[in-house]
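Keep the structure open while reading.

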Amino acid sequence: VGKTRLAVAAAHRLAEGCPDGAWLVDLTALAPTRDAATDAPAELVMAAVGIQPAAGPGDPATGADRLAGALRGRHLLLVLDNCEHLVESVAALLAGLLPVAPGLRVLATSQAPLELAGEVLWEVPPLGVPDDAGADPQRLARASAVALFVARAAASSRGFALTGDSAPLVAQVCRRLDGIPLALELAATRVRALGLRGLVAGLDDRFRVLTAGPRDAPARQRTLTAVIDWSWGLLTEPERGVLRRLAVHPDGCALPAAEAVCADGVGVPGPAVLGLLAQLVDRSLVVADDRGTDGVRYRLLESVAAYGLDRLREAGELADVRRRHAGHHTELAIRAEPLLYGPDQRTWLRRLDVEAANLRAALDTLVGDDAADAALRLVNALTWSWIVRGRLVEARRALDAALRLGGTADPAARARALTWRAAIGLQLGEDRDAAARQAAVAGLDRDDGDAAGQARARWFLGRALLDGGELETGTALVRGALDTCRAVGDRWGEAAALTTTAQLAHVRGDLAAIERDAGRSVELFRALGDRWGLLQATEWLGGLAEMTGDFERAIALNRDGLRLAEELALPIDAAGRLAWLGWISTQLGDHPQAREYCEEALRITTEQDYPPGMVMAELGLAVAARRDGKLDIAEAHLGSLLAEARRQEALSGAPVVYLSLRLIELGYLAESRGDAATALARHREAVALARGMEAPRDLAGALEGLAAATALAGEHGEAARLLG
């Protein structure tokens, strides 16, 4: 849409180089069935250019012959507008004209190419749409789609203007209408009656809303339905079948999905889908996007997709095609899941990212059909990719949807989903439901022939419990998972569990155990080619380097980890490395650099809604502020951190990991304010906590802080004893 206006504008510029002028020939008046095999196109061109079409009695010359003779010596530009319904006859006409009329130039508008020698194609793109719904109005106004919409809306609704309030809504309209000029113009005329918010809401039923085109426009351009009806009417039945079935893909698809979903085994066999897609691409109804790394993806503009879904309902195919779509994408997820644990990890993570909208649509279909077993298979296959990507909220929502369905013939799959759900809830800081977790773990003890899969789920639940401060239960689950993985030869599961035992050793300050477990984990993950695993294991080697004062190695390991996390597009892991770098910067006295690292880590973990990472980043900000003398800032951070820790303690009945460090910092903060009593209380609580958790490094730090508070209270002999 918009080809005619563009062609006319171009012709005005080109006309100066054509001594015999530029001529517009609108072919829409010709019928595709009646006029395609006649001289009608040639006669229409002759009428436009002013050539007499009449022939004498018995004259065997065709209209094309007479037109060729008349144009032989002329230098002119022909603009042949709307050729799509007469492609073959127009191509035949031009194939005869161009060789005998060397001064002839043709600018044709069509949804499909003419496929003639010397033809140069220019695909008319949609108008530029904004990518930020909350952008500044002045910047938004520079997007061509916004400029057109605002101009037409202002002409239709007096006083309409782009403001800070209206800009996000205008941006949404332009995006949802894909920058299609005519659709934007139709929408702009509705602002007066519906208001901007009403228009946005109405786009869910756009074919009912966008029906107010100007009376002097051609009939095919007065409503959005008529615009697409014109193109639909030119398709063969197999082309229509593929187009309407393609509409169930919410964000496009690759060829295998198109073949699985769009073929029907009768009129459209699987091998025919590619050719039909190519024809639809040529007709500009399907966009072939080859900018990705996984081959061509076929997608529809939103309006074409909405039209296709309407035709799918009319054909009575919607439910069946959606089930085929869900089945294909469930199998894709199941095939991908084992490949997320090795050298192909990056490729398959990216592939699942690209298919995210299709996978969500597949789950919606399975939930709507009450297909409990299929839904559990899908979410169990996808959960690890969501966890690695840090998309925990999406994982929680999907697991809840699948688990809410009725009975299932696969109790082990349900138990595994329950365990994933419990672990993700812990990581998102939800209230702890011990009974649900115990039921999940009990379910995982079933003998379903997949001991490694059970052990991996128990490991992840144990890791989440440790992050939430439940040390005893978490440690037992992790160590049990480690033993099982070693017994069944699951090297990935063993390596994963070792990263967590290395973390536990870091809490205890057991240097030898950190080096042993993290080092072995690195060996296993490197042999498996799992880059995510290397990222986890090297984190604790970096922690060991920081703990022993080897800051140069700690910085190098964490910078390498940050680079790897960014390459794998793992925001939570990147935030963890940034927080580590901030902590090390604080140790080195570079407080501005520490704040920069930790602020970025906090921004990322807040965006990802990942509480453990938020705690680490905010703790780094608190320590940097306190050591830099910014006591009010430090107090604000530490106050919120302590409140969250107390909440977690109340839920779990156990101390939170690294709580002693928060208490030590609060003690030093009180000391800096000259409040010896509060400092003593905080440090004494930290000493007791560190002893109970058998964390010697935290105990040393708490004793050092207690010594400082004791000295502040004037008891210098006791302070010396504590330091000793």
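Strand E2 is covered on both faces. On one side sit Leu 76, Leu 78 and Leu 80, and on the other Leu 77, Val 79 and Asp 81; all are buried. The strand spans residues 76-81, and six of its six residues are buried. This is a predicted model.

E2 has two strand partners described here. Strand E1 (residues 22-26) runs parallel to E2, joined by five bridges. Within that pairing, Asp 26 has Asp 81 of E2 as its bridge partner. Asp 81 is also one of the buried residues of E2. Strand E3 (residues 104-108) pairs with E2 in the parallel sense, again over five bridges. There, Leu 76 stands opposite Leu 104 in E3. Leu 76 is buried too.

**A second sheet**

Another set of strands pairs in the antiparallel sense: three strands make an open sheet in the order E4-E6-E5. Its edges are strand E4 (253-254) and strand E5 (287-289), each of which pairs on one side only. E5 and strand E6 (residues 297-299) are antiparallel and share three bridges. Ala 288 faces Tyr 298 of E6 in this pairing.

A salt bridge requires a nitrogen-to-oxygen distance within 4 Å. Asp 530 sits in the loop between helix H26 (511-528) and helix H27 (531-547). Its side chain reaches the backbone nitrogen of Gly 533 at 2.6 Å.

Helix H27 also holds Glu 539. Glu 539 has a relative accessible area of 15%, so it counts as buried. Its C-alpha atom is separated by 27 Å from that of Asp 628, which is 89 residues away along the chain.

Thr 501 belongs to helix H25 (residues 491-508). Its relative accessible area is 1%, which means it is buried. The side chain of Thr 501 makes a polar contact with the side chain of Asp 517 at 2.8 Å.

**Salt bridges**

How many salt bridges does the model hold? The count comes to 36 salt bridges.

| Pair | N to O distance | Relative accessible area |
|---|---|---|
| Asp 204 and Arg 176 | 3.0 Å | Asp 204 65%; Arg 176 18% |
| Asp 320 and Arg 324 | 3.2 Å | Asp 320 43%; Arg 324 25% |
| Arg 673 and Asp 632 | 2.9 Å | Arg 673 41%; Asp 632 57% |

Take the salt bridge of Asp 204 and Arg 176. Asp 204 lies in the loop between helix H9 (191-202) and helix H10 (206-209), and Arg 176 in helix H7 (residues 167-176), so the pair ties together parts 28 residues apart in sequence. Asp 204 is exposed, whereas Arg 176 is buried.

Where do Asp 320 and Arg 324 lie? Both are in helix H16 (residues 318-336). They are four residues apart, so about one helical turn separates them. Asp 320 is partly exposed, and so is Arg 324.

The side chains of Arg 673 and Asp 632 also meet in a salt bridge. Arg 673 is in the loop between helix H33 (659-672) and helix H34 (676-692), and Asp 632 is in helix H32 (residues 631-652), so this pair ties together parts 41 residues apart in sequence. Arg 673 is partly exposed, while Asp 632 is exposed.

Some salt bridges share partners. These join Glu 237, Arg 240, Arg 244, Arg 245, Asp 264 and Glu 317 into one network.

**A nonpolar surface patch**

Which residues form a nonpolar patch on the surface? They are Leu 6, Trp 122 and Val 124, with about 340 Å² of accessible area together. Leu 6 is in helix H1 (residues 3-14). Leu 6 counts as partly exposed because its relative accessibility is 41%.

Methods:
Residues are numbered from 1 along each chain as its sequence is written. This is a predicted model: local features need pLDDT of at least 70, side-chain atom pairs count only at pLDDT 80 or more; totals for chains, interfaces and linings use all residues. Side-chain values use heavy atoms; hydrogens and water are left out. Patches are made of residues with over 30% relative accessible area and no salt bridge: like charges are joined within 9 Å, nonpolar side chains (Val, Leu, Ile, Met, Phe, Trp, Tyr) within 5 Å. Accessible areas come from the Shrake-Rupley method with a 1.4 Å probe; for residues, only the protein chains shown count as cover. Buried means under 20% relative accessible area, exposed over 50%, partly exposed in between (1.4 Å probe, protein chains only). Two strands pair if DSSP finds at least two bridges between them. A polar contact is a pair of N or O atoms within 3.5 Å; within protein, one must be able to donate a hydrogen and the other to accept it, and residues adjacent in sequence count only if both atoms are side-chain atoms.
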